[in-house]
Number of protein chains: 2
Amino acid sequence: MEQLKVVKIGGNVIDQEEVLKDFLQDFASLEGNKILVHGGGKLATKLSADLGIQAQMIDGRRITDEATLKIVTMVYAGWINKNIVAKLQYLGAKGVGFSGADANLILSKKRVAGEVDFGYVGDPVKVNTSFLKAVIEERTTPVIAPITHDGQGNLLNTNADTIASVIAVAMSEYFKVQLIYCFEKPGVLRDPENDDSVIPHIYSSELEHLKSEKIISGGMLPKIDNCFNAIQNGVQEVLICKADNLKYLNHKEKFVGTVLTS
Amino acid sequence: MEQLKVVKIGGNVIDQEEVLKDFLQDFASLEGNKILVHGGGKLATKLSADLGIQAQMIDGRRITDEATLKIVTMVYAGWINKNIVAKLQYLGAKGVGFSGADANLILSKKRVAGEVDFGYVGDPVKVNTSFLKAVIEERTTPVIAPITHDGQGNLLNTNADTIASVIAVAMSEYFKVQLIYCFEKPGVLRDPENDDSVIPHIYSSELEHLKSEKIISGGMLPKIDNCFNAIQNGVQEVLICKADNLKYLNHKEKFVGTVLTS
């Protein structure tokens, strides 16, 4: 089985032109098969504000009404996605951009309104792995925006971390998949105030202990649970690191970050 | 050689929700290999106006400054492209959306500033036919937005009629290509005031005569020249018709429009 790297970047990389440029250079130089999943960043919020549309957030999640769906589709699948792809062409990485609607890549289910109605938000239910495999076999690099569709003609806003995870799991049918989350922090920290306290490796057997010791807590809890969930479902390993440590993946002895394995 | 239909629609279809819906239904039901090229429409102009950016036009062509490039990329490659693709999924046509930057699909040259500086506008120089062929062979339908790139990491605004034409010409290496322009008018009219005066067929040998008789004149002249240019470069035939006549392409005896051949 060949290797496949699924790399996810968020707003902290996308919003800073120079950081994004350096990241894309590092990403382009990664050896082997790879997929880039990107989030949104501040541009959508800024565009909403400029248009006088109030961005509604609950628990850090955007409420996606019709106007907001249009904006995030334009910004994520339009400007950010095509800008990244054009820069990857220049860097020789043969990028090809997709939303989840393209080629039925990620079919989602609109989230049912409970206490909170998140609006046009979807949770992935199916990945078109054979199309993605064919694209990778053409030696092109999929660049995926966090917009999916419901199969009924509607687009849906979807969490980029989740997209990276479901793609990594689905593609583990064909590849040995390494899932890499580029975060603000250099990895999972033993002391959240100390960036030098990166835990280099977490085995699934240690998870409960780290939770009970409150070393993994707060916002990290669901993230780490999702990572181990991906590992349980076929992903070989999950890496959590800063974007500027990605370049060391070709020379793993220099890599700083947290590796999660079963 | 298999057949391939390259269909181009413009703002007159895109801007009207019901017209677009009917068109996509007809397009989805077209038999055989097909590619859809779409233009922009009024949404980009409206978004510019809402953001207080004055859209500059010279001779019906948009001047693309940096802010406008961002807007057209968002609107064309983002909202319009993904909206069409999601609807085609629902209709069973397996759409997959691309800009010219994706997979280096259309490499352009930034137009050199002469008397008029059109800004970030590009003229196509090369089509990645092998990628497009691979996508078609996956039984998916490329949906192409009129945004290309310069190979140096920059996106460029590009005329959608031109994109349809260069793709039709380039793909005639592999397919018998029919290029179909969906216009406001039902075809080339003998009398521009009379929609019933459609010229059903124009052979290249008749072109000079029709020009000298001023039957083809004004804005139609460059369009028809471009069509015959495509035919000279390998396209089998060019059809000019209304979007709602597209459905008759499977039953050509009912088709109303102008057919151009060598």
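I took two strands as paired where DSSP finds at least two bridges between them, with strands (E, at least two residues) and helices (H or I, at least four) being DSSP runs numbered from the N terminus. This is a predicted model, in which local features need pLDDT of at least 70 and side-chain atom pairs count only at pLDDT 80 or more, while totals for chains, interfaces and linings use all residues. Residues are numbered from 1 along each chain as its sequence is written.

Sheet of chain B. I looked up the strand order and found an open sheet of 8 strands with mixed pairing, β5-β8-β2-β1-β11-β13-β14-β12. At its edges stand β5 (95-98) and β12 (201-203) of chain B, each with a single partner strand, so one side of each has no neighbour in the sheet.

Pair β2 and β8. In chain B, β2 (residues 33-38) runs parallel to β8 (residues 141-144), and 2 bridges join them; Leu36(B) stands opposite Val143(B) of β8(B).

Helix α4. I then traced α4 (residues 66-90) of chain B, which lies across β2, β5 and β8 of that chain, at about 170 degrees to β5(B); contact means heavy atoms within 4.5 Å, and angles run from 0 to 180 degrees between N-to-C directions of axes fitted to C-alpha atoms, for helices over the stretch in contact. I noted a kink of about 30 degrees in α4(B), centred on Asn81(B), the bend being the angle between axes fitted to the seven residues ending at a residue and the seven starting there. Of the 25 residues of α4(B), 20 are buried, that is, under 20% relative accessible area with a 1.4 Å probe, protein chains only. After α4(B) comes Gly92(B), with a positive phi near 80 degrees.

Notes:
Chains lettered and ligands numbered in written order. Heavy atoms only, no water. Buried < 20%, exposed > 50% of the residue type's maximum accessible area, 1.4 Å probe, protein only.
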